[in-house]
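I am opening a notebook on this structure and will set down, entry by entry, what I looked up.

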Amino acid sequence: MTGFPQRVTVLARVDWLLLIAFTFPVQIVQPFLLLFSPRPLLFIGGIIESAIQIVPLVIFVCVMAALADALLGAFRPATKDVPQVLSDRVTASLVKQFGEPVREIACSMRAIPGDLSLGAHVRGFFRPRLVVSGGMLMGLARGDRNAQAILAHELAHVQHHDRMLIAFVGMIVFEVVGRFIKFNVNEVSNVDPDSLGVGSLIGLTLYQLTVFSVLLSCVSRYREYYADARAIQLTHDVDAYRSLLSSGARHKGLLGNFFHPSISDRLDAIDQQYRVLRTVHFWKVYWLAAGSVGFLQWRFAEDSFVSYHGLCGAVMAAGLLVFEVLRPLLIGTGESSRPFSRGAWPSIGWTSRGFRYGFMLLGFTVVVVFADMVSPRDPSHIMAVGGAVVYVISRSMK
Amino acid sequence: MNKAQLVHDLTAKALEQIAPEELFLLADYDPTAAQFGATSKGPQGFGAETAIALAMPFLIKFFEKFIEKLAANAADSTCKKIAGYLATNTKAPTPEVSDAIRQELIAAGLPPGKADQAVSAVAAVLHSQRAVLAKT
């Protein structure tokens, strides 16, 4: 399949590392800043200190992720073990198609026998398991090509560690819950006279949820493109996968396209040989905006703690932006694979997606900076209203 | 034995011969439940709106309709042929009876090719349970 990205799985995993790194900019960047200090050997102590800070946060986020996953599972139909004879037959069929590495996950597969459609998803955070519909199980047992293609897509999610998405949700919950716990502690103990009132707390929480929701949706959609690209690699049949997508289950309702790109976008991605993974405009704009905010914080924040955090954030964002510029070289060949080719940067146009994302991210950035300048003691009201205005305007551009 | 249990048992016996892998689906089958497509919903779910060709739902429909007609002593010609076959001790169905069963399976929704494959198994199941069917 000439022109298709070659190193899909490697890049999918690296993307997670980068996202996690950006979640802990101070802990990651701090040791390296020490290399430029008068005592560079403090770098070793910096690594240890960062690890001590990161580990409990990671553990807590993983616990929240496991809880979020369990809660999500509670709203889904119950699963059943697949009978041994059927499991052996399905496993043999899948090993023949995808090779020995699929055996372990095939053996631990569970089913929703009451659903006779073709469908699957992955459950479990610490130990991901494939869950297939009853109809899909029959398809796999009979070697149906559509069923195998759907399974290849879910296998890709497992190989790409996409259960990290639930950790992302856990992190959001951690932020919101932590903020409410801190608020209640301050209310009870009155230790912080500048603590937020209830209205400001709700406003700030809503603002954070808006921003995090946009991020979560973008991350989830990109993981679907990665899974599609990998599934095509596993099945070696682009036309069959395109046909499957055309008959794909439409995701309806309010959350219809929140986690998944539309079917037409996914088909376009195939036709463009996954240019969407070679040149991720969203992340370029995001790292530019995040780095700008960090730089402004470093230069103008009065609080040295905030200023230092801004410096770390700016350095991290700069590093990630460099990676994004080099992304086309890392994933594979293609006309837009040169970092500075025309297609490597967002096209400028009122309704183009790049412009819309850029507007949204820069808009959020401006709102944060403006709110901090106008009302440094309590910026939450301005942030909540401003953030909502930016979001509504960006949606109207579509 | 109530009608639902009889339909379940007949379907299970037919599936043992036609499509034993579908037995796993039988216990949880509920045409009124809104589970179709539930597995592919939510984050990282994937599915297709087409479905695998299964024999089970159509066999259930066939046995339900047949038992209803039998109980109502329907004047349906195909039903009468099948009922006449069940009244005999001859295991092997005549071509007319096989054709009648085939027509009823197609009427229940089974594709013609699958119906052809299922005829002898369905006839054998009906004949083996004729005593129970006679009580309906």
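**Entry 1**

I take buried to be under 20% relative accessible area, exposed to be over 50%, and partly exposed to be in between, with a 1.4 Å probe and protein chains only. Helices (H or I, at least four residues) and strands (E, at least two) are DSSP runs, numbered from the N terminus. In a regular strand the side chains alternate between the two faces of the sheet. Since 6 of the 6 residues of β3(A), residues 118-123, are buried, the strand is largely enclosed by the rest of the structure.

I also note what I am working with: this is a predicted model, in which local features need pLDDT of at least 70 and side-chain atom pairs count only at pLDDT 80 or more, while totals for chains, interfaces and linings use all residues. Residues are numbered from 1 along each chain as its sequence is written, chains are lettered from A and ligands numbered from 1 in the order in which they are written, and side-chain values use heavy atoms, with hydrogens and water left out.

**Entry 1: the sheet**

Which strands make up the sheet, and in what order? I find an open sheet of 5 strands with mixed pairing, in the order β1(A)-β2(A)-β4(A)-β3(A)-β1(B). Its edge strands are β1 (80-81) of chain A and β1 of chain B, each of which pairs on one side only. Two strands pair if DSSP finds at least two bridges between them.

On one side, β3(A) pairs with β1(B), residues 46-48, in the antiparallel sense over 3 bridges, and Gly119(A) has Gly47(B) as its bridge partner there. With β4(A), residues 129-133, β3(A) is joined by 4 bridges, and these two strands run antiparallel; here His121(A) stands opposite Val131(A). β3(A) and β4(A) form a hairpin with 5 residues between them, and Gly124(A) in the turn has a positive phi of about 95 degrees. Further along the sheet, β1(A) and β2(A), residues 110-112, pair in the antiparallel sense over 2 bridges, with Lys80(A) opposite Ala111(A).

**Entry 2: helices across the sheet, and a buried aspartate**

Axes are lines fitted to C-alpha atoms, for helices over the stretch in contact, and angles run from 0 to 180 degrees between N-to-C directions. Helix α6(A), residues 134-141, lies across β2, β3 and β4 of chain A and runs at about 100 degrees to β4(A). Helix α7(A), residues 145-159, lies across β3 and β4 of chain A together with β1 of chain B, at about 15 degrees to β3(A).

Is Asp69(A) buried or exposed? Asp69(A) is buried, with a relative accessible area of 12%, and it is found in helix α3(A), residues 42-74. Leaving aside neighbours within four places in sequence, Asp69(A) is in contact with Arg123(A), Gly124(A), Phe125(A), Arg163(A) and Ile166(A).

**Entry 3: two residues with a positive phi**

Most residues other than glycine have a negative phi, and most peptide bonds are trans. I therefore looked up two residues. Tyr274(A) has a positive phi of about 55 degrees although it is not a glycine, and it lies in the loop between α11 (263-271) and α12 (275-278) of chain A. At 0% relative accessibility, Tyr274(A) counts as buried. Beyond its neighbours within four places in sequence, the contacts of Tyr274(A) include Phe4(A), Pro5(A), Tyr225(A) and Ile232(A).

His236(A) also has a positive phi, near 55 degrees, and its place is in the loop between α9 and α10 (238-246) of chain A. His236(A) is exposed, with a relative accessible area of 63%.

Chain A has 16 helices and 4 strands, and 52% of its 398 residues count as buried. Chain B has 7 helices and 1 strand, and buried residues make up 43% of its 136 residues.

How values were computed:
Contact means heavy atoms within 4.5 Å.
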